[in-house]
Amino acid sequence: MKYNRIFLVVMDSVGAGALPDAAKYNDEGADTIGHTADAVGGLKMPVMQKLGLGNLHHIKGIDPVDAPLGYYTKLLEKSVGKDTMTGHWEMMGLYIDTPFQTFTETGFPDELIKELEEKTGHKIIGNKSASGTEILDELGERHMQTGEMIVYTSADSVLQIAAHEETFGLEELYRCCEIAREITMKPEWKVGRIIARPFIGDKAGNFQRTPNRHDLALKPFANTVLNSLKDCNFDVISVGKINDIFVGEGITESHKSQSSIHGMEQTIEIAGKPFNGLCFVNLVDFDAKWGHRRNPQGYAKELEDFDVLLGKLIETMNEDDLVICTADHGNDPTHHGTDHTREMIPVVAYAKNMNGSGLIRQGQTFADIGATVADNFKVELPENGESFLDSLN
Ligand SMILES: O=P(O)(O)O[C@H]1O[C@H](CO)[C@@H](O)[C@H]1O
Ligand SMILES: [Mn+2]
Ligand SMILES: [Mn+2]
């Protein structure tokens, strides 16, 4: 085995420039990390800079270095879509060519809402595309007074239910989400994810979402690299949303995170103990707290804080551990709208025992990451993707 352990860290939504087909998604010119850096007058990410991030992509404040320590590339999304599930599933070897069902323009059909009301016993309000924080300001007080559930969607294939953690109750919210998952298994209503969005506070302006968000995704439609690893008795440790995104498929151990900082702290702790296989991490705050909120300042700080913790993770890693930092799609905080952006993803890979460094061939698909992981652990290679393991020396 070339690497005894691999840490695959997904910086959720940290795209590195528009994909060639971005215009189809109304995302021409998007560049999450580049524009975030511009908006704040430059980013300071000394750890990723040393690994070669500035050599890979033009980012204000992160100049290229003469002798980068890692290998880097940009990968293209081959699947149709720009959401979290599509990005992560492709990374692990699945291509999605039929997009998941969305209800962006219309809201959910009356029959679906009616069935959800009958089965949960709660009336529904909202039922439109909305920003999750704005809809709380709009409907949160009414929800608290009447017990009606706030249902909303977005440009993604999601049915989100927002409810007050104290007045409505977390268990009740989770129960209703399970019912929503069941109802939306019908082919014509098959949304990718049901998301519980609990919040606290007592009036518009002070409502806050809590970390008890819970996603009920569809199961991946075929085995992924994670299944191959688990079947060969490797550890597949999930940190953050990974377990939800794969519905536990191929995962051997799961750690929920309260925040992305917490997720990195968990990862550092995991790195300090022995295991054999993959630690797969999703850091969602870039996306949920800053990208969708179109807040480049918050986004920049999250990136800089992440960089410090990446340094600590590397300190904790053994000589023969590999870390790969990447993303699942873009969410340019300076772009129009509030949705994800169709972008390339950066890949920065580093191990202490590397002798060489530099650019790996570009332009391949996200699935190359899963192929590389499978290749390293000598398990069945996914049908899609090409391993770049041989380039890492
Ligand atoms: O506006 P909020 O509720 O954060 O919603 C965002 O979160 C959803 C799931 O990631 C996305 O589809 C996007 O709509
Ligand atoms: Mn995502
Ligand atoms: Mn998102």
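Start by selecting ligand 1 and the residues around it: Thr84, Ser131, Gly132, Ser154, Asp156, Val158, Gln160, Ile195, Ala288 and His292. Each has its C-beta atom, placed from the backbone, within 6 Å of the ligand. By type, this shell holds three nonpolar, six polar and one charged residue. Here Ala, Val, Leu, Ile, Met, Phe, Trp, Tyr, Cys and Pro count as nonpolar, Asp, Glu, Lys and Arg as charged, and the others, Gly among them, as polar.

Before moving on, a word about the model. It is predicted, so local features need pLDDT of at least 70 and side-chain atom pairs count only at pLDDT 80 or more, while totals for chains, interfaces and linings use all residues. Residues are numbered from 1 along each chain as its sequence is written, and chains are lettered from A and ligands numbered from 1 in the order in which they are written.

**The two domains**

Now colour domain 1 (5–97 + 220–391) and domain 2 (110–217) separately; these bounds come from an automatic or database domain assignment. Both domains give residues to the shell around ligand 1, so the ligand lies between them. The domain centres, taken over C-alpha atoms, are 29 Å apart. Where the domains meet, twelve residues of domain 1 contact eleven of domain 2, a contact being two C-beta atoms, placed from the backbone, within 7 Å. The domain 1 side of this meeting place has three nonpolar, four polar and five charged residues.

**Helix α4**

Helices (H or I, at least four residues) and strands (E, at least two) are DSSP runs, numbered from the N terminus. Buried means 20 or more other C-beta atoms within 10 Å of a residue's own, exposed means 12 or fewer, and partly exposed is in between, with C-beta atoms placed from the backbone. The cover over α4 includes β1 (5–11), β6 (193–200), β8 (214–217), α9 (242–245) and α13 (367–377).

Within α4, click on Gly87, which counts as buried because it has 26 C-beta neighbours inside 10 Å. Leaving out residues up to four places away in sequence, Gly87 touches Glu77, Asp328, His329 and Phe366. Just after the helix, Gly93 takes a positive phi of about 110°.

**A pair of helices**

Show α10 (residues 260–271) and α12 (residues 296–316) together: they pack at about 5°, with axes 9 Å apart. The axes are lines fitted to C-alpha atoms over the stretch in contact, and angles run from 0 to 180 degrees between N-to-C directions. That makes α10 roughly parallel to α12, the word for angles under 35 degrees; over 145 is roughly antiparallel, 65 to 115 roughly perpendicular and the rest oblique. Among the residues that meet are Ile261 and Met264 in α10 and Phe306 and Leu309 in α12. The whole contact divides into seven nonpolar, three polar and three charged residues.

**Last stops**

Asn26, in the loop between β1 and α1 (32–39), has a positive phi near 65° and is partly exposed, with 14 other C-beta atoms within 10 Å. Lys378, in the segment after α13, has a positive phi of about 55° and is exposed, with 10 other C-beta atoms within 10 Å.
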